Amino acid sequence: MQELSGRVAIVAGVGNLGRVLARRFAEERMRVVLADIDASGLASAEAELRAAGASCLAVPTDVGKLAAVQALAERTLEEFGAVHVLCNNVGVNPRSATLWEASDADWRWTLDGNLWGTVHAVRVFVPIMLAQGEGHIVNTTTVPAFGGRRGNSPYVVSKGAIVTLTEVLHHELAEAGSEVRASLLIPGRISGGIAKSERPAEYREPGDEERLALERERYEARMRDRQSEPADEYRTPEQIAELVCEAIREERFYVLTQPETAVEQVRRRTEAIASGGPPVLFHG
C-alpha cells in the first residue's frame with residue numbers, strides 16, 4: 001500500500017505508542033479511528049488529533065469482547081466507508097511474578113486484551129479487507145516473546161501467541177491470493193513504556209486491592225529507574241511509528257525496532273532448540 005493519504009487507519013490501544021501511531025497516520029493525511037477501553041485516555045488522544053486538524057473518530061472499545069469489535073467496525077464503516085490499516089496495539093500487562101502466582105483475573109484480563117482482542121480483530125476486519133481487495137494489519141508483540149522473561153508471565157505468553165497468529169495469518173492470506181498484508185511489530189525498549197491504565201472491575205477479585213496497589217508501586221518504580229538508563233537503549237514512539245509506516249509501504253512482515261537485540265534473542269533461542277535446551281531467558 002504505497003499511498004496512505006486519504007486511507008482509513010484504526011489504532012486499537014492508544015496509550016504511549018498507539019497515540020503516536022495515530023498522530024503519524026494523521027500526518028500522512030489518513031483518517032484515523034481510535035479505539036480503547038480507557039475512556040479518559042481515548043478522549044485525550046482524540047482531542048490532540050482534532051486540535052492538529054486531523055479527521056478522526058474515537059470509539060470506546062473493549063477488544064476482548066467480539067461484539068465490541070464488531071461495533072467498532074460498523075461505526076468505522078458508517079463514518080468513513082472503509083478500513084485500510086488496522087494496528088492491534090493493545091498491551092495489557094499485570095506484571096505478575098510467576099505463572100502459578102498469577103490469578104485467574106490476571107490471566108483473563110491479559111488474554112482477553114492481548115490475544116482475544118487480536119483474534120477478534122482478525123475475524124472481524126480481515127473479511128472487510130478481503131472484500132475491499134486491499135488492507136494491512138499490524139499486530140504488536142514483544143522481543144521477550146521469543147524466549148520468555150520472568151516477572152510478567154501472562155503478558156509474555158499472550159504476546160508469544162500473537163507471533164504465531166500473525167505468521168499463520170500471513171500464510172493464509174497468501175494462500176487465498178489476497179492483496180491484504182500483515183506485519184508483526186516487535187518493539188524492544190520504548191521510551192515512556194506502556195501506558196498504565198486501571199484494570200476494569202470484571203478483572204478484579206476479592207482481596208485484590210492490596211496486590212494491585214503493590215503492582216502500581218512496582219510499575220512506578222520501574223518508570224523512575226528508566227530515567228537513569230542510557231537513552232540509546234530505547235527507541236522513541238515516533239521512531240517506531242515511522243518504521244510502521246515504512247513497513248506498510250514496503251509490505252514488510254517483521255518490523256524490528258532494535259534488530260540487533262531481537263536477532264540475537266532469536267539466534268540464542270535457535271541454538272538452544274538445536275542443542276536440546278534449556279530455553280534461553282530474555283535479558284533486557
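Helices (H or I, at least four residues) and strands (E, at least two) are DSSP runs, numbered from the N terminus. This is a predicted model, in which local features need pLDDT of at least 70, side-chain atom pairs count only at pLDDT 80 or more, and totals for chains, interfaces and linings use all residues. Residues are numbered from 1 along each chain as its sequence is written, and side-chain values use heavy atoms, with hydrogens and water left out.

Start with strand S1, residues 8-12. It is mostly covered, with five of its five residues buried. Buried means under 20% relative accessible area, exposed over 50%, and partly exposed in between (1.4 Å probe, protein chains only). Val8, Ile10 and Ala12 point one way from S1. Ala9 and Val11 point the other way.

Two strands pair if DSSP finds at least two bridges between them.

| S4 (residues 85-88) | parallel | four | Asn88 |

From S1 the chain crosses through helix H1 (residues 16-27) to S2, a right-handed β-α-β crossover. Right-handed here means that, with the strands pointing away from the viewer, the path from the first strand over the helix to the second runs clockwise.

**Helix H1 against H7**

The axes of H1 and helix H7 (residues 237-250) come within 9 Å and cross at roughly 55°. H1 is therefore oblique to H7. Angles under 35 degrees count as roughly parallel, over 145 as roughly antiparallel, 65 to 115 as roughly perpendicular and the rest as oblique. Axes are lines fitted to C-alpha atoms, for helices over the stretch in contact, and angles run from 0 to 180 degrees between N-to-C directions.

Contact means heavy atoms within 4.5 Å. On the H1 side, the contact residues include Leu17, Val20 and Leu21. On the H7 side, they include Ile240, Val244 and Ile248.

**Backbone exceptions**

Arg29 is not a glycine, yet has a positive phi of about 65°. Arg29 sits in the loop between H1 and S2. At 66% relative accessibility, Arg29 counts as exposed.

Glu251 also has a positive phi, near 55°. Its place is the loop between H7 and strand S7 (254-256). At 41% relative accessibility, Glu251 counts as partly exposed.

The peptide bond from Gly277 to Pro278 is cis, with omega near 10°. Pro278 lies in the segment after helix H8 (259-275).
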